[in-house]
Amino acid sequence: MLDNIPYFPYIVSAFFGIGLAAATGFRVFLPLFAVNLSSYLGWIPMSENFEWLAGLPTLIMTGIATVAEILAYYIPFVDHLLDSVAIPLSTVAGSVLFASQFADLGTFPQWALAIIAGGGTAATISSGFAGLRAASTATTGGTGNFIVGSTETAGAGFMTVVSMLAPVIAFILSIIFIVLIVIGGKKLVKKFLARRQKLKS
């Protein structure tokens, strides 16, 4: 019945892609590794243009990168260095994962959608957690960063699994995360401007 809905496969693919993009906003390589492993095992079909994402060499590289990224975020100072590159990397990863679901659209619409929806989602969530880590460092001297790092890893794993099993729920959660980050970001900016105004006066 649902298959009779116009463009239904594209809608599901969009939900799936956005959910995975959101997962890369938490951790760059864990969602890539999960998709790579699922494709390698034949659970997720992959088009010819993205066959590399289902290959063994990519599986090994993303597996190593996943472990290295997770462990590195528990090392003081290194976590902040990673934040400086996490946003562009997550944007690329989110775009790639989103684009992999729309290989039959044509190159331009495929990557235009991927950059806007996938990359935008990943960048927003990654930026939010980078700001949260900076706030944690400023208020706890870095001792609270362990919690932030663990939350990011758990969030990446959770969003990846939900995206694969229930794309609609993953999409809804992604929107909620984005809204919370935007609202939280506005509040932080207002606090910063108010504090700056007090210092001037």
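## Close-up views of an all-helix chain

From the N terminus on, the elements of the protein chain run α-α-α-α-α-α-α. This is a predicted model, where local features need pLDDT of at least 70 and side-chain atom pairs count only at pLDDT 80 or more, while totals for chains, interfaces and linings use all residues. Residues are numbered from 1 along each chain as its sequence is written, and side-chain values use heavy atoms, with hydrogens and water left out.

**View 1. The whole chain, to get your bearings.** The secondary structure comes to seven helices and zero strands; helices (H or I, at least four residues) and strands (E, at least two) are DSSP runs, numbered from the N terminus. Of the 201 residues in the protein chain, 41% are buried. Here buried means under 20% relative accessible area, exposed over 50%, and partly exposed in between (1.4 Å probe, protein chains only).

View 2. How many salt bridges does a search of the whole structure find? There are three, each being a side-chain nitrogen of Lys or Arg within 4 Å of a carboxyl oxygen of Asp or Glu. Asp-83 forms one with Arg-133, their closest N and O atoms being 2.6 Å apart. This pair links distant parts of the chain, with Asp-83 in helix H4 (residues 78-99) and Arg-133 in helix H5, 50 residues apart. Glu-152 forms a salt bridge with Arg-27, where the closest N and O atoms are 3.1 Å apart. Here the partners are 125 residues apart, Glu-152 in helix H6 and Arg-27 in the loop between helix H1 (8-26) and H2. The side chains of Glu-152 and Arg-133 also meet in a salt bridge (2.6 Å, N to O). Glu-152 lies in helix H6 and Arg-133 in helix H5, so this pair ties together parts that are 19 residues apart in sequence. Arg-133 is buried, with a relative accessible area of 0%. Through shared partners, the salt bridges join Arg-27, Asp-83, Arg-133 and Glu-152 into one network.

**View 3. Helix H6 from end to end.** Helix H6 (residues 145-165) has 21 residues and reaches 30 Å from its first C-alpha to its last, close to the 30 Å expected at 1.5 Å a residue. The expected span of a helix is 1.5 Å times one less than its number of residues. Among the buried residues of H6 are Val-148, Gly-149, Glu-152, Ala-156 and Met-159. An α-helix has 3.6 residues a turn, so residues three or four places apart point the same way.

View 4. Leu-37, Tyr-40, Leu-41, Trp-43, Leu-56, Ile-60 and Ile-64 make a nonpolar surface patch of about 720 Å². Patches are made of residues with over 30% relative accessible area and no salt bridge: like charges are joined within 9 Å, nonpolar side chains (Val, Leu, Ile, Met, Phe, Trp, Tyr) within 5 Å. Accessible areas come from the Shrake-Rupley method with a 1.4 Å probe, and for residues only the protein chains shown count as cover. H3 gives the most to this patch, with three residues. Tyr-40 belongs to helix H2. Is Tyr-40 buried, partly exposed or exposed? At 40% relative accessibility, Tyr-40 counts as partly exposed.

**View 5. The loop after H2.** Just after H2, Gly-42 takes a positive phi of about 85°. Pro-45 lies in the loop between helix H2 (29-40) and helix H3 (56-72). With a relative accessible area of 72%, Pro-45 is exposed.
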